[in-house]
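Open the model in your viewer and keep the selection panel at hand.

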Amino acid sequence: MLTVLYRDDYLIAIDKPSGLLVHRSEIDRRETRFAVQLLRDQIGRQVFPVHRLDRGTSGVLLFALDATTARLLNEQFAGRQPGKTYLAVVRGHPQDSGDIDHPITRQPDEREYVHGNAQLNAQPAFTRYRTLARCELPFAVDRYPQSRYALLELQPETGRRHQLRRHLKHIAHPIIGDATHGKGVHNRFFQQQFNVGRMLLHAVELQLTHPVNGEALCLTAPLTGDFTRLIGELGWREALPVAWLGDIEAAHDLAS
């Protein structure tokens, strides 16, 4: 059962779990479970996805309940109007805050046909980040006797595919659990030390204008499961607003 964060006559938002594809994809032809299908079956009506989250990313995922609302929402996203906030655990200690203004080569959608000779030119991409918490662990994971990690708040101002993952790799602070753009030795350490095998990227908040009544909406997906438990184990609970925190005690009970 998918967790519904918000629903009215026009919109529905869910908390997408890590590992779930939004829709059928060439990424994994054998996969039989998709957010679109599961939500449609759960509420008994057609749904229209208006933005995407990577398979490994959890958090706020918005759908329209009719084609007209979907068109209006697509216009908002195309105009970069919605505000998107993510949380990520990364390798190293980034600066307190910063801007990543780094063009990235366009990655075609998995459904999109691209001719073999096509030129996928770099597109402008901009991300703001803020470091919320840091830690240094007494483990020689890489070539240093200690290992440093940080919790970041990320706000992408453009919507390029895999933008956050590629931008954080660009500044040498890859996201933990990212098998494509991360660093395997740190991913394995988190799996072995903390029993966390997912990508530690979560869409915690989505701010937008309701496409029908014009009201401001702020949709929030608190951290859950092993991400929540990890925040507690690393002592980062005080770094987050209460509204962004899941039940840490429940997460520990679930893991034990």
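Begin with Ala172, which is partly exposed at 41% relative accessibility (buried means under 20% relative accessible area, exposed over 50%, partly exposed in between, with a 1.4 Å probe and protein chains only). Ala172 has a positive phi of about 65 degrees, yet it is not a glycine. Look for Ala172 in the loop between α3 and α4 (184–194). Helices (H or I, at least four residues) and strands (E, at least two) are DSSP runs, numbered from the N terminus.

A word on the model: it is predicted, so local features need pLDDT of at least 70 and side-chain atom pairs count only at pLDDT 80 or more, while totals for chains, interfaces and linings use all residues. Residues are numbered from 1 along each chain as its sequence is written, and side-chain values use heavy atoms, with hydrogens and water left out.

Next, select Asn195, in the loop between α4 and β11. Asn195 is another non-glycine with a positive phi, about 55 degrees. Asn195 is exposed, at a relative accessible area of 55%.

Now go inside. Select Leu39, Phe63, Leu154 and Leu201: they have the most contacts within the largest nonpolar core, which has 27 residues. Such a core is a set of buried Ala, Val, Leu, Ile, Met, Phe, Trp, Tyr and Cys residues joined through side-chain atoms within 4.5 Å. Elements supplying at least two residues each include β4 (58–64), β10 (147–156) and α3 (163–170).
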